[in-house]
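Hi,

Here is the structure I promised to pass on. Have a look at it first, and then read my notes below.

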Amino acid sequence: MSKVRVLVGTRKGAFILESDGKRQKWDVSGPHFAGWEMYHVKGSPVDPNRLYASQSSGWFGQLMQRSNDGGKTWEPVDNKFVYDGVPGTHQWYDGKPHPWEFKRVWHLEPSLSDPDTVYAGVEDAALFRTTDGGKSWHELAGLRGHGSGARWQPGAGGMGLHTILLDPSNPQRIYIAISAAGTFRTDDGGTTWKPITKGLHSQFLPEPTAEVGHCVHRIAMHKSRPNVLFMQKHWDVMRTDDAGEQWREVSGNLPTDFGFVIDVHAHEPETIYVVPIKSDSEHFPPEGKLRVFRSKTGGDEWEPLTKGLPQSDCYVDVLREAMAVDSLDSCGVYFGTTGGQVYASADAGDSWMPIVRDLPAVLSVEVQTLA
Amino acid sequence: MITVVLPAHLRTLAQVSGEVQLEVVGPVTQRSVLDALEARYPMLRGTIRDHVTQERRAFVRFFACQEDLSHESPDAPLPDAVASGVEPFLVVGAIAGGLY
């Protein structure tokens, strides 16, 4: 019988939640790395027992961990992230040049074909890769070397590279997104990159349609249609049908088009999920109601999903890495909150139940569907 | 032998339960002690000193003999009591290091 393993990164450790395919009863293990910020934990699609985790703290900096047994045991691997060549400068909040400084790893994206190859998105924004299971990390410097790098600026949470999407049909194509530089695509395995921001409009920019500077919060793709991307931008939910050459807004009837997460149903490429959040200064759900919104039409028309979710006095946030789906026949959808809840739906969002209620603030949620 | 006391998180990382005893060849300084520590426990590299600059991380402090040595030169001799193993060299997580 199939199993599901949910990998949860929080402000104070990592947790692993496991269930059978019914997804009603859950075993919770953790905290792993108690007391450390766990920005992201993700498993290899080739070898699901191979997990990678980003572990950091304000005291002791960045550590990287690897597990070969599905998270039962871990070993520290190389934690040295050194920018290629002279790092140069990007813009600081005041618009002045600021030297590139490594702070932490935000996102880990294991290769679709090799368990020893993993991409790492870091703050200050850059893309690194290991090809030896984490023994060494090397920058794909063509991204930061894009001519616009000196104009990139951090978002409120820092200048992190948070989205890495690997095209399953074309190993040379990768999409990444940076807050708040925008989104880029490579078609040559990471050597050269181009901004793909045509159609994005950001009123906080002096030039709202500028090539770089958009605060992209998250991008999602369905593996069967890698040219179709869905984006939750700082404001606006967007989609592209041509690999980012042109974006159009699909916010439609959402109560607010601000939010962080976005994801796609495992079996229905036009079914997508967001969690609208009130912004700019509040960052909690509108009216104190925690609602996932689902569109079955690839955007524009949205329905609120509320069954099992708190519909009063709820003031949590759902951060950009904190939603994922499983690939069981009835698609499971999962998300975590800054209030420490991880909610699961075993029926594609129709109804929800909390797996856990009282974890530290959830930074990331990933799901593995196991045979 | 030099005695080094690590903060709890780094003891967990290095998989040690108490004080660490180190053999240091040559002058006993912050640098030589930390070099020996990192050679014995490579997983500590980057957690006390920056990988590239080798400077002390901002929220890590070095104490010994009731004194804060954090701002001393990394190549200055440590107190005789540390060099002779009578007193430990303490690596401390600063009280200001946590946001949450």
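Let me start with chain B: of its 100 residues, 30% are buried. Keep in mind as you read that this is a predicted model.

Chain B holds three helices and five strands, and if you follow the sequence they come in the pattern β-α-β-α-β-β-α-β. Its radius of gyration is 13 Å, close to the 13 Å that the globule rule gives for 100 residues, so chain B is as compact as a globular protein of that length. Taken along the principal axes, the box filled by its C-alpha atoms is roughly 40 × 25 × 25 Å. As for contacts in chain B with a separation of 6 or more, 55% of them link residues 24 or more positions apart.

Now the sheet. The five strands of chain B make an open sheet with mixed pairing, in the order 2-1-5-3-4. Strand 2 and strand 4 (67-68) of chain B sit at the edges, each pairing on one side only. Further in, strand 3 and strand 5 of chain B run antiparallel and are joined by four bridges. If you want to find that pairing on screen, look for Arg61(B), whose bridge partner in strand 5 of chain B is Val92(B).

Helix 2 of chain B packs on this sheet, where it touches strand 1, strand 2, strand 3 and strand 5 of chain B. The direction of helix 2 makes about 110° with that of strand 2 of chain B. Which residues of helix 2 (residues 30-40) of chain B are buried? They are Gln30(B), Ser32(B), Val33(B), Leu34(B) and Leu37(B). These buried residues pack against strand 1 (2-5), strand 2 (20-22), strand 3 (60-64) and strand 5 (89-93) of chain B.

Next, where the chains meet: 17 residues of chain B are in contact with 12 residues of chain A. On the chain B side, helix 1 (residues 8-14) gives the most, with three residues. That side of chain B divides into nine nonpolar residues, seven polar and one charged.

One spot in chain A is also worth a click. Glu287(A) lies in the loop between strand 23 (272-276) and strand 24 (292-295) of chain A. Is Glu287(A) buried or exposed? Glu287(A) is exposed, because it has 12 other C-beta atoms within 10 Å, and a residue counts as exposed at 12 or fewer. Glu287(A) and Gln311(A) are 24 residues apart in sequence, and their C-alpha atoms are 8.5 Å apart in space.

Cheers

How values were computed. Residues numbered from 1 in each chain as written. Chains lettered and ligands numbered in written order. Predicted model: local features only at pLDDT ≥ 70, side-chain atom pairs only at ≥ 80, totals over all residues. Contact = placed C-beta atoms within 7 Å. Helix = DSSP H or I, 4+ residues; strand = E, 2+ residues; numbered from the N terminus. Nonpolar A, V, L, I, M, F, W, Y, C, P; charged D, E, K, R; others polar. Buried ≥ 20, exposed ≤ 12 C-beta atoms within 10 Å, placed from the backbone. Pairing = 2+ DSSP bridges. Axes fitted to C-alpha atoms, helices over the stretch in contact; angles between N-to-C directions. Rg over C-alpha atoms; globule rule 2.2 N^0.38 Å.
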